[in-house]
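Biologist: I would like to learn how to read this model feature by feature. Please give the general idea before each case.

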Amino acid sequence: MRRLMTVFLVLTLSLVLALGACAQPAPAPSPTPAPPPAPKPSPTPTASPSPATSPEPKPVSATDFYKSNPVTIVCPYAAGGGTDFAARLVAAFWLDAVGGDARIKNVPGGGTIIGTNTVWAAKPDGLTLELLPFNNLTGTTLLEEPGVQYKIDKFNYLGMFGDEPWVFAVGKNQPYKSVVDLQKVKGLKFGNISKTGGGALGLALLVHLLGLEDATIVGGFNSTPEMTLSAARGEIVGMLLPAGTVKTESDKGYTKPVAVIGFEKSALFPDIPPISQVLKLSAESERLLKVHAAWKAGRVLLAPPGVSDDRVEFLRTSFDKMVNLAGFKQHATDRYQIFEPPLKGQQVSKLIAEALTISKADLAAMNKLVTKYVQ
């Protein structure tokens with residue numbers, strides 16, 4: 001029994017030893033991997049310096065602008081007439097009044113429409129101006145002349161000078177001493193430059209008042225000297241012109257005054273009666289004669305729409321200064337004889353606004369006369 005117990009223990013021990021020899025040792029546990037190192041914070045980028053900016057240019061004053069830049073004054077007539085003289089007078093005193101230079105550009109044609117269209121479309125920098133008679137602005141607009149691209153209430157008006165009464169004049173060698181003498185003649189021919197200007201409208205009204213049914217008013221003239229020379233040759237009987245221009249052309253031996261188309265005499269021709277004293281006017285005729293007063297003969301200086309307020313104001317102030325210079329007034333008086341008080345730009349704008357209120361009925365009556373008599 002004891003021996004059996006011993007054998008059992010030996011066998012058990014042998015079995016344990018055999019099994020232990022066959023078993024593989026357990027692998028050592030893998031070490032827990034270390035967490036990856038936290039990324040180092042990127043350094044805050046240094047902002048790139050902004051490029052240096054140039055300082056805002058200092059605005060150029062209107063005074064300096066016009067000292068440095070010459071202006072172009074458009075005259076919508078050929079050289080040699082009263083309007084051309086007025087434009088050149090302004091250019092001659094531009095330096096004294098404005099401080100810069102001015103040059104004249106004659107753009108005749110279309111009864112001033114071509115030149116005025118040119119200024120209407122000009123760059124609105126204040127360097128393109130126009131000088132023309134007030135009546136050309138009102139006439140071409142109110143009577144809806146074909147080809148007009150401008151709106152007269154949109155221009156910048158700088159001022160007006162040289163306003164005068166309208167005087168009917170005939171060729172120097174014509175036998176007529178009164179408009180009544182014209183009623184005895186058939187087929188009379190008169191001259192004009194602009195179909196809807198004050199000269200043509202006044203002539204059409206005169207022809208109507210005198211009952212000259214077969215008379216005609218012909219155009220095609222580009223300047224007053226051209227037209228008055230035609231009268232001196234006897235090609236036309238006469239024309240309607242501002243008083244000072246009639247005086248100038250009379251002094252040349254081309255024309256002689258016969259009547260003032262209006263209600264008052266001209267100081268230049270104290271012996272020449274106004275038409276209102278020569279003819280008995282109906283209520284309608286008197287009203288139309290008053291309407292014709294909106295076709296003033298004064299010369300207007302204007303700028304296109306869109307010019308900056310500071311430049312317009314500077315030009316208006318300069319115009320006022322110019323027309324009051326002793327030299328300017330002297331030269332103007334030499335040409336116009338009577339130097340009517342000039343008007344400021346704001347006053348011209350007001351006259352334009354008033355002209356635009358003339359009734360359609362009166363305008364239709366005037367237009368009917370123009371259509372009937374003016375070629």
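Modeller: Start with burial. A residue is buried under 20% relative accessible area, exposed over 50% and partly exposed in between, using a 1.4 Å probe and protein chains only. Helices (H or I, at least four residues) and strands (E, at least two) are DSSP runs, numbered from the N terminus. This is a predicted model, where local features need pLDDT of at least 70, side-chain atom pairs count only at pLDDT 80 or more, and totals for chains, interfaces and linings use all residues. Residues are numbered from 1 along each chain as its sequence is written, and side-chain values use heavy atoms, with hydrogens and water left out.

Biologist: What does the secondary structure of the protein come to?

Modeller: There are 15 helices and 11 strands. Of the 375 residues in the protein, 48% are buried.

Biologist: Which way do the residues of strand 10 point?

Modeller: In a regular strand, side chains alternate between the two faces of the sheet. Here R299, L301 and A303 point one way, while V300 and L302 point the other way. Both sets are buried.

Biologist: Which strand pairs with strand 10 over 5 bridges?

Modeller: Two strands pair if DSSP finds at least two bridges between them. Strand 4 (residues 156–161) pairs with strand 10 over 5 bridges, in the antiparallel sense. Y157 has L302 as its bridge partner. Strand 3 (residues 128–133) is also antiparallel to strand 10, joined by 4 bridges. There, L132 stands opposite V300.

Biologist: Now helix packing. At what angle do helix 6 and helix 14 pack?

Modeller: Axes are lines fitted to C-alpha atoms, for helices over the stretch in contact, and angles run from 0 to 180 degrees between N-to-C directions. Helix 6 (residues 134–142) and helix 14 (residues 345–355) pack at about 30°, with axes 11 Å apart. That makes helix 6 roughly parallel to helix 14. The classes are roughly parallel under 35 degrees, roughly antiparallel over 145, roughly perpendicular from 65 to 115, and oblique for the rest.

Biologist: Which residues meet between helix 6 and helix 14?

Modeller: Contact means heavy atoms within 4.5 Å. F134, T138 and L142 in helix 6 meet V348, L351, I352 and A355 in helix 14. These residues divide into 6 nonpolar, 1 polar and no charged. Ala, Val, Leu, Ile, Met, Phe, Trp, Tyr, Cys and Pro count as nonpolar, Asp, Glu, Lys and Arg as charged, and the others, Gly among them, as polar.

Biologist: Which residues does L363 touch?

Modeller: L363 sits in helix 15 (residues 360–373). L363 is buried, at 11% relative accessible area. Not counting residues up to four places away in sequence, L363 touches L142, L143, W295 and I358.

Biologist: And where is T255?

Modeller: T255 is in strand 9 (residues 255–260). T255 is buried, with a relative accessible area of 0%. Leaving aside neighbours within four places in sequence, its contacts include A169, K172, T228, M239 and E249. Across the protein, residues 24 or more positions apart account for 80% of the contacts with a separation of 6 or more.
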